[in-house]
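Q: I would like a close look at one loop, and then at the parts around the rest of the chain. Keep it brisk, please.

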Amino acid sequence: MKKQIFNPNPEFAKDARVGSMDAYWELQNRAIEDYEGFWKDFADEKIDWLAPYDKVLDESNAPFYEWFTNGKLNVSNQCIDRHLADKADKTAILFEGDRGDVEKITYAQLSQRVNKMANLLKNKFGVKKGDRVVLYMPMIPESAYAMLACTRIGAIHSIVFGGFSAEALKDRIEDAEAKIVITADGAYRKGKPYMLKGVVDNALSQGGACVDSVLVVKRNNEATEWVEGRDHSYNDLIDAESDVCPFELMDSEDPLFLLYTSGSTGKPKGVQHNTAGYILWAQMTMEWVFDVQGDDLFWCTADIGWITGHTYIVYGPLAAGTTTLMFEGVPTYPNAGRAWKMVQDHKVTQFYTAPTAIRVLYKMGENEPKKYDLSSLKVLGTVGEPIDPPAWKWYYETVGNSNCSIVDTWWQTETGGHIISPLPGATPIKAGCATFALPGIMTEIIDPDGTPKEIGETGLLCITKPWPSMIRNVWGDEARYKKAYFGDAVKDGKPVYFSGDGAVLDEDGYITITGRMDDVINVSGHRMGTAEIEAAVNKDDSVAEVAVVGRPHEIKGESIFIYIVLKDGHINDDIKSHINALLSSEIGNIAKADDIIEVPGLPKTRSGKIMRRILRTIAKGEAITQDTSTLEDPSVVGQIEACVKG
């Protein structure tokens with residue numbers, strides 16, 4: 001049965017940047033016919049070049065592609081300085097704290113504060129072009145100042161999500177060889193203070209000898225330990241700095257930031273994004289996918305610790321010259337109406353959140369949106385995982401009053417920005433469907449050997465041509481970059497990018513994302529490698545073997561399901577709580593498992609490989625259709641099923 005199609009609001013489409021499918025196909029056909037010319041036109045239009053580039057795309061060292069070679073620019077100029085002539089008094093960042101405190105920061109004020117922080121990093125701490133700066137920060141304006149200050153002086157920032165553990169923070173600090181860590185004493189969540197500085201102290205007590213200094217922003221004013229000579233107060237130092245700081249001339253391919261993402265091999269990967277291509281696509285997708293214009297107020301509910309926060313809280317909105325809402329709290333505190341009250345109070349025009357949040361808001365307050373004036377909303381977005389049709393329907397009908405397009409965006413940390421998404425003024429949409437690749441993006445659904453899949457068949461989603469915002473490297477590990485993202489298949493003699501996600505094409509050419517096809521679990525939009533989780537569980541002395549799989553969850557999308565085999569003679573009634581405590585300590589609270597099941601053994605092939613497909617099937621409560629005759633001990637499958645059923 002064909003899905004119902006929802007057409008764009010004609011009133012919205014009239015003034016949209018891309019207002020019809022004819023306009024979409026005109027753009028995409030331009031890219032197909034003259035790929036480099038397509039990107040050249042937009043680079044020339046959107047980027048404030050400080051020196052011209054020599055070549056649009058250099059594929060000579062594929063898959064280490066280079067875009068706009070030898071061009072010169074600066075991202076803080078792109079996001080701030082060039083707007084000052086006509087937008088100095090416009091609100092750049094509208095901040096709302098967990099407790100309801102509100103601050104409006106204009107582009108002129110943002111310029112001054114970023115320059116001061118850039119001078120502080122440069123003058124006090126000797127941070128220079130190419131140095132790595134780790135941020136372990138809450139959702140406060142100083143986080144954006146720090147990011148943009150790094151871009152101004154050419155430092156490479158690496159943000160670590162504030163929910164990660166000391167161990168995870170230490171690993172990322174050491175891999176990046178960071179010179180300085182910027183953190184806060186803490187922040188607020190659900191009306192209560194929580195601490196960050198102590199986690200940094202713990203991380204640096206375990207390692208991180210590369211770090212010379214820790215810069216601490218006061219937010220919740222809770223008492224913290226202080227290491228003399230290493231720790232410095234941002235609040236005490238910042239006023240002495242000048243609000244004038246010339247920006248560094250950056251090459252198009254200079255690294256902009258590192259963001260660590262979990263992989264199926266355990267050790268997190270330092271995804272490297274470079275300057276020109278990333279900021280170009282961040283701006284273009286803000287303009288196309290969200291159609292930000294004029295006095296729009298854009299709210300992305302993500303955290304800056306994830307790529308969504310990088311691209312769609314800070315860099316994309318500011319490059320587009322719009323107002324971005326930064327929110328410290330959670331959308332359900334103090335009640336399920338918090339998000340809708342904020343939309344009403346601030347007149348939010350574009351709202352971008354995760355399916356997990358949508359399901360929670362629906363479950364906690366199905367009728368809450370009707371209590372508020374949400375008429376300012378024009379575009380609703382989803383990110384992080386596929387959205388199920390019931391959640392989509394509530395989002396569309398109740399939140400958007402059946403007037404707002406839902407842009408169901410598919411992309412990854414590695415892609416830098418959106419890859420597949422409806423365009424709100426152009427694309428007829430289907431519930432839970434990502435629709436079409438954006439103009440300039442060439443996608444295919446294929447087998448691992450490169451053979452295209454037929455309509456209705458699930459395959460591996462890949463991108464067959466390089467694009468400007470794509471990952472440039474895994475920090476310090478070129479071999480891993482090639483192995484993780486580029487298989488054996490080629491297109492026009494060049495490697496293709498393998499996303500690791502599955503997808504299916506329908507009879508209308510629409511793409512639906514089916515989820516991960518490797519050993520990565522997506523919990524509430526947060527990707528975690530099963531190997532990373534298993535390594536943490538194995539630190540429990542009573543565990544002999546462990547296997548981790550994902551299980552569908554109505555709120556989180558996926559939950560973590562752990563099978564453990566205990567060592568002989570070990571009986572531990574507290575094993576589940578101990579394992580979750582380990583996961584919280586080693587990775588963070590987001591890695592806690594919903595299910596931890598003790599089993600007598602794991603299904604293995606005769607070569608010792610664990611058959612996780614079988615374990616996923618059991619975790620889902622589905623009938624086993626896989627061939628178990630090749631297992632070393634086929635009887636273990638029935639024993640595992642009995643353990644899960646209890």
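In which loop is S524 found?

A: S524 is found in the loop between β29 (520-523) and β30 (526-529). Strands here are DSSP runs of E with at least two residues, helices are runs of H or I with at least four, and both are numbered from the N terminus. This is a predicted model, in which local features need pLDDT of at least 70 and side-chain atom pairs count only at pLDDT 80 or more, while totals for chains, interfaces and linings use all residues. Residues are numbered from 1 along each chain as its sequence is written, and side-chain values use heavy atoms, with hydrogens and water left out.

The backbone at S524 stands out. Its phi is near 50°, a positive value in a residue other than glycine. Most residues other than glycine have a negative phi, and most peptide bonds are trans. S524 is partly exposed, at a relative accessible area of 23%. For that scale, buried means under 20% relative accessible area, exposed means over 50%, and partly exposed lies in between (1.4 Å probe, protein chains only).

E177 is not a glycine, yet has a positive phi of about 50°. E177 sits in the loop between α8 (166-176) and β9 (180-184). In α13 itself (residues 338-346), the buried residues include R338, W340 and H346.

Two cis peptide bonds follow. One runs from A62 to P63, with omega near 5°. P63 lies in the loop between β2 (55-58) and β3 (66-69). The other runs from Y333 to P334, again with omega near 5°. P334 has its place in the loop between β18 (323-327) and α13.

A further loop joins β23 (443-446) and β24 (459-463), and I455 is found there. I455 is exposed, with a relative accessible area of 54%. Not counting residues up to four places away in sequence, I455 touches L505, D506 and E507; touching, or contact, means heavy atoms within 4.5 Å. I455 and L374 are 81 residues apart in sequence, and 39 Å apart in space from C-alpha to C-alpha.

Now the interior. A nonpolar core is a set of buried Ala, Val, Leu, Ile, Met, Phe, Trp, Tyr and Cys residues joined through side-chain atoms within 4.5 Å. The largest one has 159 residues, and L121 and I562 touch the most other members. Helix α11 (residues 275-289) gives the largest share of this core, nine residues. Apart from this core lies another, of 28 residues, including L297, F351, I358 and L377.

Helix packing comes next. Axes are lines fitted to C-alpha atoms, for helices over the stretch in contact, and angles run from 0 to 180 degrees between N-to-C directions. The axes of α11 and α12 (residues 307-319) come within 8 Å and cross at roughly 80°. That makes α11 roughly perpendicular to α12, a label for 65 to 115 degrees; under 35 counts as roughly parallel, over 145 as roughly antiparallel and the rest as oblique. Among the residues in this contact are Y278 and M286 in α11 and H310 and Y315 in α12. By class, the contact has nine nonpolar, five polar and no charged residues. Ala, Val, Leu, Ile, Met, Phe, Trp, Tyr, Cys and Pro count as nonpolar, Asp, Glu, Lys and Arg as charged, and the others, Gly among them, as polar.

Helices α14 (residues 355-364) and α15 (residues 389-399) pack at about 70°, with axes 10 Å apart. They are therefore roughly perpendicular to each other. I358, R359, L361 and Y362 in α14 meet A391, W394 and Y395 in α15. This contact has six nonpolar, no polar and one charged residues.

Finally, the sheet. Seven strands form an open sheet in the order β6-β5-β18-β17-β19-β20-β21, with mixed pairing. Its edge strands, β6 (102-106) and β21 (405-408), each pair on one side only; pairing requires at least two bridges found by DSSP. On average, neighbouring strands of this sheet are turned by 20° against each other, direction ignored. β17 (residues 297-300) and β19 (residues 350-353) pair in the parallel sense over three bridges. W299 stands opposite F351 in β19. α15 packs on the sheet and touches β19, β20 (379-382) and β21. The direction of α15 makes about 160° with that of β20.
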